[in-house]
Amino acid sequence: VTQLTFNASVDTYPRWSQNGTKIAFQSDRDGNEEIYAMNSDGSAQTRITNDPEPDIEPDWSPDGASIIFTTYRAPTSIYTDIYVTNSDGSGIPTTRLTLSNDTDQLSSWSPDGVYIAYTRMSMTDYYIVRMDSDGTNPIDLNAIAGTVNRYPSWTSDSSRIVFYSNRPGGASDNEIYIMDYNGLNPASLT
């Protein structure tokens, strides 16, 4: 076990880059939650985002050039959206990828770079949405009334998505499921 960050702030939500040389994370070390990146040994810690609104939940593009994250940045928005920026921080201002009247969060980039999966929270449900990596063509993959489906993560070949769900039919109310990238063939793994 090796400690990588040393400060009086909260550093959370670490995510490896695809090639294993970098780690993105969120930190409140500058008085607000922002996205940082560092080398895998903890050196060269660099602030990537800089906005009055919190920036959280980073994930890398497969080529390591971009980072997606969750934020409240949208003007007068009370909901979070998914944004993308350059992984060296030079992409400010960033690009907004989602635009809805729901909370979009917990995004995950497919290893082939084609899609981004994320959790959308409506007034009563949480479900997984898949969009093209440029933010176009969002598709609801598993909306089931009254259920929570969260934390999407891709298989290494980008063909399937694993996620948490409390949908009926599992061994308990909180299980890990897997489905095809298009939402078909959901199956409980636990």
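Because the model is predicted, local features need pLDDT of at least 70 and side-chain atom pairs count only at pLDDT 80 or more, while totals for chains, interfaces and linings use all residues. Residues are numbered from 1 along each chain as its sequence is written, and side-chain values use heavy atoms, with hydrogens and water left out.

The protein chain has a mean pLDDT (the predictor's confidence in each residue, from 0 to 100) of 90, and 94% of its residues reach 70 or more. Confidence is lowest in strand β8 (residues 95-96), at a mean of 88, and highest in strand β2 (residues 22-27), at 97. Strands here are DSSP runs of E with at least two residues, numbered from the N terminus, and two of them pair if DSSP finds at least two bridges between them.

Strand β2 is joined to β1 (residues 11-16) by 4 bridges, and the two run antiparallel. Tryptophan 16 has isoleucine 23 of β2 as its bridge partner. Together β1 and β2 make a hairpin with 5 residues between them, and in the turn glycine 20 has a positive phi of about 80°.

An open sheet with antiparallel pairing is formed by 4 strands in the order β13-β14-β15-β16. Its edges are β13 (149-154) and β16 (187-188), each with a single partner strand, so one side of each is left without a neighbour in the sheet. Between β15 (residues 175-180) and β16 there are 2 bridges, and tyrosine 177 stands opposite serine 188 in β16.

The two bridge counts are set out below.

| Strand pair | Bridges and direction |
|---|---|
| β1 and β2 | 4 bridges, antiparallel |
| β15 and β16 | 2 bridges, antiparallel |

A nonpolar core is a set of buried Ala, Val, Leu, Ile, Met, Phe, Trp, Tyr and Cys residues joined through side-chain atoms within 4.5 Å, where buried means under 20% relative accessible area with a 1.4 Å probe, protein chains only.

Contact means heavy atoms within 4.5 Å. Not counting residues up to four places away in sequence, the contacts of valine 84 include Ile68, Leu97 and Trp109. Glutamine 105, in strand β9 (residues 103-109), counts as buried because its relative accessibility is 11%; with sequence neighbours up to four places away again not counted, glutamine 105 touches residues including Glu57, Tyr118 and Arg150.

Terms used. Buried < 20%, exposed > 50% of the residue type's maximum accessible area, 1.4 Å probe, protein only.
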